[in-house]
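Hi,

Here is the structure I promised to pass on. Have a look at it first, and then read my notes below.

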Amino acid sequence: MGVPIRACCLILAVVGCGSVVGCGGSSILDGASGASCAAVGGCDAGASSLSCSGDAQCSGDGACVSGATCSPEPCTVGVTSCTGGARSCVAIASAADGTPCESGGVCVQGQCSTCADAGASCSLADNPCRTGAVSCDGSTGVCTPTGNVADGTSCGANQVCEDGGCVVCLPGAACTPSNPCHVGAISCGTGGSECVDTLANLANGTACGGGNACENGFCGSGCDAGESCVPANPCHTGVTACSGATTVCTDTGNELPAGTSCGTNQYCSGGVCSACDAGASCVLGGEFCYTGVIECIDGYSECEIGSELPNGTPCGTNEVCDNGSCTSPLLLLAEQPAAVSTLTFDGALATLTDLVTTDTAATLNVTLAWGDSSATSSGTVTGGSGSFTVSGSHTYSTFGSYTVTVTATQLLDAGGAGGTASTTATVTVGITEFPVTGAGSSIVTGPDGNLWFTMPDENQIGRITPTGAIAEFVVPSSSSDPVTIAVGPDGNLWFTEFSGDKIGRISPAGTISEFAVPTVGSEPFGITGGPDGNVWFTEQLGDKIGQITTAGVVTEFSIPIAGSAPQWIVAGSDGNLWFTESTANDIGRVTPAGVFADFPILLSATPGGSRRVPTATSGLRRTRRTRSARS
Amino acid sequence: MTAATSAGTITEFPVGTTSSVIAVGPDGNLWFTSSYYYYGTGNFGRITTAGVTTLFTLPFGAMGVAAGPDGNLWVTESSGIARMAP
């Protein structure tokens, strides 16, 4: 307050001046103290004990001091206006927060607040980005900061709050995001300026710092030509080539090593990326009776053997698994049927084992080829649960042994595997066998209506009736080797003793007589009743034809051809004896008087033409052995 | 198979197998054995007087052969005597 105010005191009315301090020279006294109020309106600031601020006191004489501070209403600061001679107080601002006001309150934001408002939100006049609440200081309320308003809250044009402060922010303005090759835009949504990546690429070639250029949204370190890279075929090697700012990976055509991974469960093989799911199951198929497990070997998916498949699992061609092996479900085992005397066979031929135990006789088809010229027929199948018997019936036209082919097949429409099996069984019909002590050699019908035969190894002569009754008679000389037997003119049977140099005679009743042949080691072999009432025989090693009377007198005739080895002899219809000469390959003829003739066998060119009469009988074998031993 | 007449004329007939012992059968044909009873099975042959041959398989090797008075053929084998109807 300066000089102008002191000058106005000269005309102020003296009302209520409480103090004379600093008010020199005035005729107006304070109403209470009597001090001069000449200086009202111009009081020194330091004369605080003198209250000259009341308009009534200072305007008692109608004086008005324009510009004086006044208070139009509580918590409002005003200034005195004297315009037109009328005094008024014009509000110019709110009283400072905390200014005491009536009823013991304090001014808060221009309002007189009492402490009853404590905690209420209030605004901090000096910072719109801070929140405030009324707090009490004694009986007065004060707006004190409590925190920040939300970042991004506008606090003026192009201004937003950030961290409790009001900052400038221009939304949408271009900026550089973290990827310098993307387009950025300022966002103010979360406070101060934030550069948001729009993910849009900057133009290729745009500089992105460090001498690099953008390429497809990335700030490259330049194009490293010659560097290895992955071409379109991940199983080939690639080399980097540059085309302007564009990097190109050129396929070299060279394959990566087989087995190189080229993705999940994918491996290179032969330059091609193929899927290979190691450990996955696979089907081995074919004749494998195991599950398959994929192994990736050199990139190739290999189906390796896993665990055994259940028995009966179909495999291969019309086969099933059996303990890990692929085999035909059917197994035929031929029976060995006994020979039958009749020409009709009727019986079991084979047993059939079927691994498909659900098969029944009705689902198994069996055909029988009987081994003669007849058509095949169906076999009879009996049994079940995998075990069957196959039988059949057939009538042959002649005796003999026949090979019967048995073929079994599973009927597919019955759910079988279509398996097949075959076997052969030997069937003998029309033959009746009568066992004897040993091997028989020569046999002839005797005059008694029975069959007579020799058993050289047993040194016996045997007799069998047409109904099969057998009698055996031992030759008195041991190891005589009775070889051949014939009917003599006397109603007896005559036989040669090959090793005994004798001729034997046996009556139909079985009485044996023996007669020595003069030539030692002559090996009597063939024998026959002669037309002259005698018995004739050959001497194989003696090269003679022998004649023996029914009384046992022997006469020998030497064969003109030495070493001819005469064997078989019969009486011809011409009254002569005919015999074979096995070594000379001739047919010999001798008259009852002992006159020989020789007829060479001219070998024919026809199949079966023989160089020699094939008389490789047991006697002949014995002969050769003997000769060898003696030579 | 070889036939010789009384005058010494010899005729051979192929029989397709070896032949050993021969006999006139009750049927008027000639029957011959062609193998030894040392072997398991063997052929047994029939040849007509005209030379037509038929072979039969026996379950055993036959040695000797004879026409029985009963109209059957009888042969010796390794452990028995067998009877067959021609």
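**Where the chains meet**

Strand β37 (residues 431-435) of chain A pairs with β9(B) in the antiparallel sense, over five bridges. Within that pairing, Ile431(A) sits opposite Met84(B) in β9(B). Keep in mind that this is a predicted model.

Stepping back to the whole contact, 47 residues of chain A and 40 residues of chain B take part. On the side of chain B that touches chain A, the elements giving two or more residues are β1 (2-4), β2 (10-12), β6 (53-58), β7 (65-67), β8 (73-76) and β9 (80-84) of chain B. β9(B) provides the largest share of that side, with five residues. Sorted by class, the side of chain B that touches chain A has 21 nonpolar, 15 polar and four charged residues.

Most residues other than glycine have a negative phi.

Asn158(A) has a positive phi, near 55°. You'll find Asn158(A) in the loop between β9 (154-156) and β10 (159-162) of chain A. Is it buried or exposed? Asn158(A) counts as exposed because it has 12 C-beta neighbours inside 10 Å, and 12 or fewer is the cut-off for that.

Ser479(A) is not a glycine either, yet its phi is positive, about 50°. Its loop lies between β41 (470-474) and β42 (482-487) of chain A. With 12 other C-beta atoms within 10 Å, Ser479(A) is exposed.

Cheers

Notes:
Residues numbered from 1 in each chain as written. Chains lettered and ligands numbered in written order. Predicted model: local features only at pLDDT ≥ 70, side-chain atom pairs only at ≥ 80, totals over all residues. Contact = placed C-beta atoms within 7 Å. Helix = DSSP H or I, 4+ residues; strand = E, 2+ residues; numbered from the N terminus. Nonpolar A, V, L, I, M, F, W, Y, C, P; charged D, E, K, R; others polar. Pairing = 2+ DSSP bridges. Buried ≥ 20, exposed ≤ 12 C-beta atoms within 10 Å, placed from the backbone.
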